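Hi,

Here is the structure I promised to pass on.

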Amino acid sequence: MTNPMRQTPGLPTPPKGWPVGSYDTYAQAQRAVDHLSDNHFHVENLTIVGVDLMQVERVLGRLTWGKVIGGGVVSGAWLGLFLGALISFFSSDNPWVPIVYGVIAGMVFGLISAAIPYAASRGQRDFTSSMQLVAGRYDVLCDPKTAEQARDMLARLAI
């Protein structure tokens with residue numbers, strides 16, 4: 001019989017350890033861990049933890065029918081080129097015929113699959129963006145047995 005309190009590998013668990021440094025950016029926290037590694041500290045005892053998480057959506061530009069159609073046609077053409085080339089390997093006739101048909105069919109498919117969702121949105125989201133998860137600060141945690149040593153080593157690092 002299995003123990004119900006046993007942790008399943010791969011599931012998220014809260015980080016453990018004592019804080020040995022707190023940094024404004026991930027690059028600074030990464031530099032601190034790299035400094036410890038360069039000084040032969042056992043970095044497997046460290047964890048970088050993002051605290052005060054925020055989801056940031058950066059607006060990249062306006063979305064127009066021209067951009068939607070163009071993007072759909074181009075992405076469809078690439079898919080059609082790939083499938084046409086794949087089919088042409090198994091074709092005994094002219095290898096260019098499946099490629100040409102694949103590109104044309106892909107362009108039509110790409111146009112339709114891009115235009116329908118954009119039309120259905122009815123102008124509710126006429127912009128493109130990228131999403132990013134960022135933290136307000138980054139803490140470096142360490143196993144309690146070696147935390148004091150790590151803290152002393154990081155005190156000598158000027159970030």
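This is a predicted model: local features need pLDDT of at least 70, side-chain atom pairs count only at pLDDT 80 or more; totals for chains, interfaces and linings use all residues.

Residues are numbered from 1 along each chain as its sequence is written, and side-chain values use heavy atoms, with hydrogens and water left out.

Cys142 also turns up in the largest nonpolar core, which has 17 residues; Val20, Leu36, Phe41, Leu46, Val140 and Leu154 join it among those with the most contacts inside. (Such a core is a set of buried Ala, Val, Leu, Ile, Met, Phe, Trp, Tyr and Cys residues joined through side-chain atoms within 4.5 Å; buried means under 20% relative accessible area, with a 1.4 Å probe and protein chains only.) At least two core residues each come from strand S1 (18-23), helix H1 (26-38), strand S3 (127-142) and helix H4 (147-155). Helices (H or I, at least four residues) and strands (E, at least two) are DSSP runs, numbered from the N terminus.

Now the sheet: it is open, with 3 strands in the order S1-S3-S2 and antiparallel pairing. Two strands pair if DSSP finds at least two bridges between them. S1 and strand S2 (46-62) are at the edges with a single partner strand each, so one side of each has no neighbour in the sheet. S1 and S3 are joined by 5 bridges, and Ser22 sits opposite Asp139 in S3.

Cheers

Conventions: Buried means under 20% relative accessible area, exposed over 50%, partly exposed in between (1.4 Å probe, protein chains only).
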